[in-house]
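Biologist: Before I use the terms in your report, I want to see what stands behind them. Please take me through them one at a time.

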There are 2 protein chains.
Amino acid sequence: MLIFVGLGLYDEMDISIKGLETIKRSKKVFVEFYTSKMMGTTIDRLEKFYGKDIELLGREDIEIRPDKIIETARNKDVAFLCAGDPMIATTHIDLRIRAEDAGVKTRIIHGSSIQTAVIGLSGLQNYKFGRSTTIPRPYKNIIAESPYDVFKNNLDNNLHTLFLLDISDEPMTINEGLKILLNISDKRKDYKFKDNLCVGIARAGSDNPVVKADFIKDILDYNFGPPLHTFILPAKLHFMEKEALIRFAKAPKEILTKET
Amino acid sequence: MLIFVGLGLYDEMDISIKGLETIKRSKKVFVEFYTSKMMGTTIDRLEKFYGKDIELLGREDIEIRPDKIIETARNKDVAFLCAGDPMIATTHIDLRIRAEDAGVKTRIIHGSSIQTAVIGLSGLQNYKFGRSTTIPRPYKNIIAESPYDVFKNNLDNNLHTLFLLDISDEPMTINEGLKILLNISDKRKDYKFKDNLCVGIARAGSDNPVVKADFIKDILDYNFGPPLHTFILPAKLHFMEKEALIRFAKAPKEILTKET
């Protein structure tokens with residue numbers, strides 16, 4: 001059986017008891033860190049904590065040569081580890097379809113995910129979030145504009161937008177992500193964009209996550225410290241959301257009276 | 001310090017190591033099960049597994065008399081347990097604001113959540129989900145129509161909708177939830193509603209979650225077994241999503257050729 005185990009958000013202590021026991025019982029343990037990363041730990045520390053050797057897989061091992069993983073799982077339990085909750089990345093879904101097509105059973109052990117963690121950390125309300133999106137790093141100077149479109153469409157529907165940030169090469173910072181969006185808004189002459197509120201979140205799941213809200217123009221150069229970073233551009237806020245942002249994210253108090 | 005600890009999805013093994021250690025270190029442990037429930041365990045089993053006495057709180061203990069919790073947390077570490085990832089319910093946000101306003105520090109230990117678990121279990125793609133919604137049980141024969149509006153608006157934007165189901169009194173089944181939506185669609189003469197695909201998910205996080213996709217008219221009386229239940233009404237599907245639904249959710253193969 002191929003068992004997808006979510007490691008949760010930050011370090012080796014974020015895995016569930018069920019996940020840990022699954023790893024201990026498995027005959028072989030793989031991990032991938034290209035769809036997300038565990039910034040509070042290392043493979044060495046994971047191996048010590050879980051008491052198992054772990055083989056790190058690259059994108060090609062999974063997307064081009066998945067047979068090795070699938071055949072290893074044919075007659076024994078294999079744990080496939082990844083940060084967060086598994087299957088959020090399409091590459092996991094693809095591997096799972098291939099495994100089941102090859103007659104290898106699969107299972108998922110869930111983990112905590114940035115998708116819901118940001119809701120708790122910010123105090124914003126779950127049912128007010130629209131579609132989320134990822135900002136890729138510009139490639140050959142071409143900036144993908146779809147994250148901006150997702151934001152505008154959510155805003156039209158009065159919904160908050162969660163922005164996940166590219167982690168290939170180096171993890172993107174909130175500052176970089178905002179500047180990419182600002183570049184797009186300038187190109188579209190949407191000069192009011194920088195008056196929107198932004199809630200930046202760094203190191204979710206760690207002992208000291210940073211959660212800071214301010215207007216985009218005032219938060220552009222804020223130092224959020226080490227990665228991973230993510231941010232929310234909220235739509236119109238409910239009164240309790242404003243209270244929460246002031247309390248948990250040091251938002252400027254003028255949001256209480258200002259139409260945001 | 002008041003530490004909100006997410007217990008995850010189903011039983012006592014879904015908590016993170018970090019959450020378990022927090023409970024063991026805490027001087028007092030509260031739990032609430034009115035915003036969500038852990039169907040695979042009981043408070044007795046939680047107490048045995050965590051090695052701590054746990055006090056069950058009702059809605060009024062939290063919303064009307066929160067001072068007891070806050071004052072208990074003033075000079076010692078208090079763990080406040082709930083199913084899933086904390087703070088998804090507004091009642092937790094409110095408690096956290098009140099605690100911080102009273103000068104009591106708070107922290108969140110994240111847990112796995114139905115919000116991302118359904119994505120992994122169904123094989124649908126995260127960035128294609130719009131706003132989620134909850135179907136309340138009709139009160140004095142009045143049916144709240146907002147969940148239907150959320151679905152229609154998501155559909156207009158080609159986004160999937162996750163429906164969470166009322167758990168007050170008895171947990172609502174997928175069948176009940178669908179019949180409530182069908183009632184609204186009939187009232188609006190939206191007779192095509194029942195030709196939409198539905199992905200029902202029962203007992204996420206357990207050893208044997210049921211994931212079953214079919215057209216609403218064909219799944220209305222399907223027996224999903226014991227709660228908790230939830231379902232997704234997908235928008236237009238990507239080819240890989242169709243493959244995943246056939247493989248993981250026994251969707252009828254005609255969705256491959258049919259415009260869904």
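Modeller: The area buried between chain B and chain A is about 4700 Å², and carbon and sulfur atoms give 60% of that. This is a predicted model, in which local features need pLDDT of at least 70 and side-chain atom pairs count only at pLDDT 80 or more, while totals for chains, interfaces and linings use all residues. Residues are numbered from 1 along each chain as its sequence is written, and side-chain values use heavy atoms, with hydrogens and water left out.

Biologist: What makes this area "buried" between chain B and chain A?

Modeller: Buried area is the accessible area (1.4 Å probe) that two parts lose on being put together, summed over both. In chain B, I17(B), K18(B) and H110(B) lose the most to chain A, together 14% of what that side buries.

Biologist: Why is the pair D101(B) and R247(A) called a salt bridge?

Modeller: The rule asks for a side-chain nitrogen of Lys or Arg within 4 Å of a carboxyl oxygen of Asp or Glu. The N to O distance for D101(B) and R247(A) is 2.1 Å, so the pair qualifies. Across the interface of chain B and chain A, the rule finds eight salt bridges.

Biologist: How do you know whether V5(B) is buried or exposed?

Modeller: Buried means under 20% relative accessible area, exposed over 50%, and partly exposed in between (1.4 Å probe, protein chains only). V5(B) has a relative accessible area of 0%, so V5(B) is buried.

Biologist: Which residues is V5(B) in contact with, leaving aside its neighbours within four places in sequence?

Modeller: Contact means heavy atoms within 4.5 Å. Among those that V5(B) contacts are I15(B), F80(B), L81(B) and I109(B).

How values were computed:
Chains are lettered from A and ligands numbered from 1 in the order in which they are written.
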